[in-house]
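The points below may be read with the model in view.

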Amino acid sequence: MVQRLCIIGVGLIGGSLARALKTAGAVGEVIGHGRDTAQLQLALELGVIDRAETDLAAALRGADVVVVAVPVGAMEGVFRAMAPHLGDDTIVTDVGSTKGSVVAAAERAFGAVPPRFVPGHPIAGTERSGVAASFAELYHKRRVILTPLPHTDAAAVATVRGLWQTAGAEVVEMEVQHHDEVLAATSHLPHVLAYTLVDTLARMEEHTEIFRFAAGGFRDFTRIASSDPRMWHDICLANRDAILKVLDRYSADLAAVRSAVEHGDGARLLHTFGRAKKARDEFKQ
Ligand code: NAP
């Protein structure tokens, strides 16, 4: 049970965590902090938070746990603003999609990464944004990755782990760099591909025809291109090296498929598509 929980950035991810913890009766009071008063008012009306604060010092006062749920490019500014107002015992965690950049931002903003700062990332989300899109079940049976550093306080990790478990998630721990490499491949690359594919098709002269006759496959593959462009801009800049590595690998594989199509190399196409189908079928089970 956390008596006072402060959510900074009450959008899809922060709002859904607040809802889940309130539904479970695991929090005393939830304070929401943001810049947009209309969004905070909506969060109050939806019962996502109990109190709205646009003043950061007031939001942090007496908080046991602070969840920073803003875009990764905004983390450092938020950490800097938080630094003078943080209580000694306050546990801070974040939900950013990249972890190396967030840890570096915390180091710069606080002087050193505080022992009670527990970097985290829920592997759950939708293509929608804002508190209106939040829902209590978002984390049910989903994974949350925590990337504590060697000096991170074990009790703080246990508290954050407990919050996510209460929200229905399975919590795993990983090293920061490993997290960023794995997520570059499984999440960041697919988003880059989806955005690029839709953009390419949208700029073709026959784009109206193309979208009119788009079927389920197109819909499945490109749903994530409806995600917030600003959020994915931040992620691409924050996880540059890992994304470039996997993007180069994918580009080389795509070039090989292009060459097979060009040269009528059916055996190569069958081999590649068959190997992919096998891997995808195994993943489904
Ligand atoms: P969201 O719905 O747009 O919410 C983001 C919140 O951050 C908003 O409430 C906004 O509140 C605040 N914010 C936006 N820009 C800011 C800025 N420049 N400075 C300070 N606050 C700012 O986004 P989200 O999907 O919840 O994403 C939040 C975090 O979760 C991101 O770090 C993202 O990488 C991570 N994440 C997202 C997903 C996903 O699928 N969406 C999954 C896992 C992790 P105000 O405008 O009122 O300040």
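Is the crossing of H4 and H5 left-handed or right-handed? The crossing of these two helices is right-handed. The model under discussion is predicted, and the points that follow should be read accordingly.

1. Helices H4 and H5. The axes of H4 and H5 come within 9 Å and cross at roughly 30°. On the side of H4, the contact involves Met-75, Glu-76, Phe-79 and Arg-80. Their counterparts in H5 are Val-102, Ala-105, Ala-106, Arg-108, Ala-109 and Phe-110. By residue class, the contact of H4 with H5 comprises 7 nonpolar and 3 charged residues, with no polar ones.

2. Phe-79 belongs to helix H4 (residues 75–82) and Phe-110 to helix H5 (residues 100–110), so the pair ties together parts that are 31 residues apart in sequence.

3. Is Phe-79 buried or exposed? Phe-79 is buried, its relative accessible area being 0%. Phe-110, by contrast, counts as partly exposed, at 21% relative accessibility; the boundary for a buried residue is set at under 20%. Ring pairs also bring in Phe-117, which forms a cluster with Phe-79 and Phe-110.

4. Helices H7 and H11. Helix H7 (residues 176–202) and helix H11 (residues 240–262) have axes that come within 9 Å and cross at roughly 60°. This angle makes H7 oblique to H11, and the crossing of the two is right-handed. H7 contributes Asp-180, Glu-181, Ala-184, Ala-185, His-188, Leu-189, Val-192 and Leu-193 to the contact. From H11 come Ala-242, Ile-243, Lys-245, Val-246, Leu-247 and Tyr-250. The residues of this contact of H7 with H11 divide into 10 nonpolar, 1 polar and 3 charged.

5. His-188 within H7. His-188, which is placed in helix H7, is buried, with a relative accessible area of 1%. Which residues does His-188 touch, not counting residues up to four places away in sequence? They are Ser-97, Thr-98, Leu-183, Trp-232, Ile-235, Asn-239 and Ile-243. Of these, Ile-243 is also listed among the residues of H11 that meet H7.

6. Helices H11 and H12. H11 also packs against helix H12 (residues 266–284), at an angle of about 140° and with the axes 8 Å apart. H11 is therefore oblique to H12. The crossing of H11 and H12 is left-handed, whereas that of H7 and H11 is right-handed. Ala-256, Val-257, Ala-260 and Val-261 of H11 meet Arg-268, Leu-269 and Thr-272 of H12. In the contact of H11 with H12, 5 residues are nonpolar, 1 is polar and 1 is charged.

7. Phe-211 in H8. Helix H8 (residues 207–212) holds Phe-211, which counts as partly exposed at 31% relative accessibility. Leaving out residues up to four places away in sequence, Phe-211 touches Val-198, Leu-201, Ala-202 and Phe-218. The C-alpha atoms of Phe-211 and Leu-201 are 8.3 Å apart, while the two residues are 10 residues apart in sequence.

8. Gly-34 in a loop. Where is the place of Gly-34? Gly-34 sits in the loop between strand S2 (27–33) and helix H2 (37–45). With 16% relative accessibility, Gly-34 counts as buried. Apart from neighbours within four places in sequence, Gly-34 is in contact with Leu-40, Glu-53 and Thr-54. Val-10 is 24 residues from Gly-34 along the chain, yet their C-alpha atoms are separated by 6.7 Å.

9. Lys-141 in a loop. The reader may wish to inspect the backbone at Lys-141, which has a positive phi of about 60° although this residue is not a glycine. Lys-141 lies in the loop between strand S7 (120–123) and strand S8 (143–146). Lys-141 is exposed, with a relative accessible area of 79%, whereas Gly-34 counts as buried.

Technical notes: Residues are numbered from 1 along each chain as its sequence is written. This is a predicted model: local features need pLDDT of at least 70, side-chain atom pairs count only at pLDDT 80 or more; totals for chains, interfaces and linings use all residues. Side-chain values use heavy atoms; hydrogens and water are left out. Helices (H or I, at least four residues) and strands (E, at least two) are DSSP runs, numbered from the N terminus. Buried means under 20% relative accessible area, exposed over 50%, partly exposed in between (1.4 Å probe, protein chains only). Rings of Phe, Tyr and Trp (its six-membered ring) pair if their centres lie within 6.5 Å; planes under 30 degrees apart count as stacked, over 60 as edge-to-face and the rest as tilted. Axes are lines fitted to C-alpha atoms, for helices over the stretch in contact, and angles run from 0 to 180 degrees between N-to-C directions. Angles under 35 degrees count as roughly parallel, over 145 as roughly antiparallel, 65 to 115 as roughly perpendicular and the rest as oblique. A crossing is left-handed if the near helix is turned anticlockwise from the far one by less than a right angle, and right-handed if clockwise. Contact means heavy atoms within 4.5 Å. Ala, Val, Leu, Ile, Met, Phe, Trp, Tyr, Cys and Pro count as nonpolar, Asp, Glu, Lys and Arg as charged, and the others, Gly among them, as polar.
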